[in-house]
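Hi,

Here is the structure I promised to pass on. Have a look at it first, and then read my notes below.

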Amino acid sequence: TMVTIVLLMIVLVLGIFFIQNIFKTAKGALDLTEKQLYSELNKLYSTNQDQKIFVYPQTASLEIKKGKSDGFGLLINNRLDTEEAFSYEIKIADKGSCSMPDTQILELINLGRTRSGITLGSGDVLSTPLRINFVIPESATLCQVLYRLEVRKSDGGIYDGVDLQLAIK
């Protein structure tokens, strides 16, 4: 009886460990190759083609440990009747309890904070997903930040936007 209980406990612990590893994989865009990221964003696009922008992970939320990096994937869908040149910029929407200065919070985005000249024909979607990469230094404070990604048209008007949440662990 004791041997059976010990063996069942070992199997239970190993099962929990493997399940955790399965759910930890591919949380963000950096874990995926270009082809895999495009595949994930295309799944989102195929379910709702009326949406203007698509973000991966779909929750628009990342948890990144100090000293690590991760990111979002972005796809823009031109729902306008004409060809349009889009641009986007990421700003701080809410610092929450984060004590870091605004400049340091924005510097966490090491790639993809702004982009311009994204030209799409009417009804077209980006053929290659854009990446927004975050690198969290060891010196960062533990906090949560809400960023606002705004996609703009060539005339400067807002096309669409989405909130991106970053939790530093």
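This is a predicted model: local features need pLDDT of at least 70, side-chain atom pairs count only at pLDDT 80 or more; totals for chains, interfaces and linings use all residues.

The peptide bond leading from Tyr56 into Pro57 is cis, its omega being near 0°. That loop between S1 and S2 also holds Ala60. Ala60 isn't a glycine, yet it has a positive phi of about 55°. With a relative accessible area of 10%, Ala60 is buried.

Next, the second largest pocket, which has about 150 Å³ of space. It is lined by 11 residues, and those closest to its centre are Gln51, Ile53, Phe54, Val55 and Gln58. Helix H2 (34-47), strand S1 (53-56) and strand S9 (158-168) each give two or more residues to the lining. S1 has the largest share, with three residues. Sorted by class, the lining has six nonpolar and five polar residues, and no charged ones.

Then there are the salt bridges. How many turn up in a search of the whole structure? The count is four, and here are some notes on three of them.

- Arg79 and Asp50 meet through their side chains at 3.3 Å, N to O. Arg79 is in the loop between strand S3 (69-76) and strand S4 (84-94), and Asp50 is in the loop between H2 and S1, so this pair ties together parts that are 29 residues apart in sequence. Asp50 is exposed, at 58% relative accessible area, while Arg79 is partly exposed, at 39%.
- Asp163 pairs with Arg148, and their closest N and O atoms are 3.1 Å apart. Since Asp163 lies in strand S9 and Arg148 in strand S8 (residues 143-152), the pair ties together parts 15 residues apart in sequence. Asp163 is partly exposed, with a relative accessible area of 35%, and Arg148 is partly exposed too, with 29%.
- Glu150 and Arg152 form a salt bridge at 3.0 Å, N to O. Glu150 is buried, with 18% relative accessible area, whereas Arg152 counts as partly exposed at 26%.

Finally, go back towards the start of the chain. What makes up the nonpolar surface patch of about 670 Å²? Val3, Val6, Leu7, Ile10, Leu14, Phe17 and Phe18 do. Phe17, for one, belongs to helix H1 (residues 2-24), and it is partly exposed, with a relative accessible area of 44%.

Happy to go through any of this with you.

Cheers

Definitions and conventions: Residues are numbered from 1 along each chain as its sequence is written. Side-chain values use heavy atoms; hydrogens and water are left out. Patches are made of residues with over 30% relative accessible area and no salt bridge: like charges are joined within 9 Å, nonpolar side chains (Val, Leu, Ile, Met, Phe, Trp, Tyr) within 5 Å. Accessible areas come from the Shrake-Rupley method with a 1.4 Å probe; for residues, only the protein chains shown count as cover. Helices (H or I, at least four residues) and strands (E, at least two) are DSSP runs, numbered from the N terminus. Buried means under 20% relative accessible area, exposed over 50%, partly exposed in between (1.4 Å probe, protein chains only). On a 1 Å grid over the protein atoms alone, a cavity is a set of points where a 1.4 Å probe fits but cannot get out, and a pocket is an open set with protein on both sides within 12 Å along at least five of seven lines; lining residues have an atom within 4 Å of a point. Grid points are joined across faces, edges and corners, and a volume is the space filled by probe spheres set on the points. Ala, Val, Leu, Ile, Met, Phe, Trp, Tyr, Cys and Pro count as nonpolar, Asp, Glu, Lys and Arg as charged, and the others, Gly among them, as polar.
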